[in-house]
Amino acid sequence: MSESLAQYQQDLRRFSDELIRIQTPIKILDAIKWPREMEERFLSNKGTVLPAIKQEFYQNIALPFDPVKTQAELASLKQDIHRRLGKRDKLGKILVANVDQYRRVVDMLGNRGTPTFGKLSQELYGSASHKLHGDRHTLRQLGDKLSYIFSLPAARHMNKHHPKIISAPEAVHVLSQRLEKYFHSDDMRVRLSDGIVSDAAVGGDTVKLNSRAMFSESDLNVYEVHEGWVHVGTTLNGRAQPHATWLSVGSPRVAATQEGLAVLLEMLTLSSNPGRARRISDRVAAVDMAENGADFIEVFNYFRGLNLSATDSYRVTQRVFRGGMVEGGSFFTKDISYVRGYVENINFIRSAITSGLPELIPMLFLGKLAIEDIPVLYQACQEGILTTPKYLPPMFDNFSGLYAWFGFASGLAGIDLKGVQRHFTRLFKDVPNVAPAFELLDDTEFDNNSD
């Protein structure tokens, strides 16, 4: 190894570790979470009174970092990266992109409960009005299409097959056993938590399950691959890097790739279910409504009108108004990441296959990254600066099956789906409840020929 390469790797490691140190106390979701009793109060009022969340509420949640000091440290780190690596260094550019993201995050959290919070959220995570790369449709249009599909009578019927009968302690035991087999040489934990609002969450190498929740077998299947294989897996893969340790932590720019990859794994392993898929799809509509000025009650009532339960309607709405303004005018747009990232990951895999570069596909698990980073990171792996992913799901480790699956998908992408739907509408015309659904699909024009 040349002296210059050794110095470069040392600098990369030093800057990576410094970024990790600075960003560690910046916990976005902790800074904007609502107390659990807010849900109980809202539902007890029949959804007619706005949650008591004002700017003062957030001001009483102290940030575990000094915004001024943190901004100064991030600015200094950016200067050091430019000075040592140069402004044109490709890995340095990715590092700087993450540094810049955290600077915006600090600003966003300093503006909780104000319109500026929503504007900065859109800069960081995007908007439901944005279009997918190479496609003419917005995320809202795609979300509505998926929500409809997962709301059909057959989907509602299948949801009954997933009763929540597993206690939280039992769920911890089962999930621990499964993930210990997957993460054979690393310490990771599954534990109960009283401090999370959702049923499950990930913090670094730990999967946390809500101690008050009950779980279905389907839930555990989802958490195994979504929280475990993807979120914990990419954390540990990033930590295993000898120089680019920043890949173990994720700024908002990696959210779509991470969440979309997690949803994709749910689908590839057949772990998901229509209810879960609908909740993910509905989040796009919630973001879009909030971006267009709707208040909390209006969004809540919209989902109640779609036959979503009061609890589920509250939770999908609450996710979008965290950090924003319940009276409208500010919002948290991270929830578009699931649908957007799902499509972008699929399109990336299809494009890698049709371009003759399937070896790029496992790079999705290298760490917390954005899809546009992959060519640079792959080159760095080839040069020995980075190491390949330590943990890969089976279908990404030996991706011949994945190649065949997505190869067929790419070959079938040009089929006229409207013509196919008309054919099966005629075939199913005497089957109750099926023909009308196909007719509605035919009337709502949409294609998925995005790049």
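Strands S3 (residues 200–203) and S4 (residues 206–210) pair in the antiparallel sense over 4 bridges. Two strands count as paired if DSSP finds at least two bridges between them. Helices (H or I, at least four residues) and strands (E, at least two) are DSSP runs, numbered from the N terminus. The structure is a predicted model, in which local features need pLDDT of at least 70 and side-chain atom pairs count only at pLDDT 80 or more, while totals for chains, interfaces and linings use all residues. Residues are numbered from 1 along each chain as its sequence is written, and side-chain values use heavy atoms, with hydrogens and water left out.

S3 and S4 form a hairpin with 2 residues between them. Gly 204 in the turn has a positive phi of about 65°. Two pairs of residues place the strands against each other. Gly 203 has Thr 206 of S4 as its bridge partner. Ala 200 stands opposite Leu 209 in S4. S4 also pairs with strand S2 (residues 189–193), here in the parallel sense and over 5 bridges.

S4 is largely enclosed by the rest of the structure, because 5 of its 5 residues are buried. Buried means under 20% relative accessible area, exposed means over 50%, and partly exposed lies in between (1.4 Å probe, protein chains only). Both faces of S4 are covered. Thr 206, Lys 208 and Asn 210 are buried on one side. Val 207 and Leu 209 are buried on the other.

Helix H16 (residues 337–354) has 18 residues. From its first C-alpha to its last, H16 reaches 25 Å, close to the expected 26 Å. The expected span of a helix is 1.5 Å times one less than its number of residues. Of the 18 residues of H16, 14 are buried, so the helix is largely enclosed by the rest of the structure. Gly 356 follows H16 and has a positive phi, near 75°.

Helix H12 (residues 255–268) has 14 residues and reaches 20 Å, close to the 20 Å expected. H12 is mostly covered, with 12 of its 14 residues buried. Among them are Ala 255, Gln 258, Glu 259, Leu 261 and Glu 266. The buried residues of H12 pack against helix H7 (115–125), helix H11 (217–239), helix H13 (274–291), H16, helix H18 (394–397) and helix H19 (400–412).

Most residues other than glycine have a negative phi, and most peptide bonds are trans. Leu 270 has a positive phi of about 55° although it is not a glycine. Leu 270 sits in the loop between H12 and H13. With a relative accessible area of 74%, Leu 270 is exposed. Lys 46 also is not a glycine, and its phi is positive at about 60°. Lys 46 lies in the loop between H3 and helix H4 (55–59). Its relative accessible area is 71%, so Lys 46 is exposed.

Met 38 lies in helix H3 (residues 37–44). Met 38 is buried, with a relative accessible area of 5%. Leaving aside neighbours within four places in sequence, Met 38 is in contact (heavy atoms within 4.5 Å) with Pro 51, Ala 52, Ile 53 and Tyr 314. The C-alpha atoms of Met 38 and Gly 293 are separated by 22 Å, and these residues are 255 apart along the chain.

Ile 20 belongs to helix H1 (residues 3–23). Beyond its neighbours within four places in sequence, Ile 20 is in contact with Thr 245, Trp 246, Ser 248 and Val 249.

A cavity is a set of points, on a 1 Å grid over the protein atoms alone, where a 1.4 Å probe fits but cannot get out. Grid points are joined across faces, edges and corners, and a volume is the space filled by probe spheres set on the points. The count comes to 1 cavity of 30 Å³ or more. The largest cavity holds about 40 Å³ of space. Lining residues, which have an atom within 4 Å of a point, are Trp 34, Pro 35, Arg 36, Glu 39, Val 197, Tyr 314 and Gln 318 for this largest cavity.

Note on methods. 1 Å grid on protein atoms, 1.4 Å probe; cavity = no way out; pocket = protein on both sides within 12 Å on 5 of 7 lines; lining within 4 Å.
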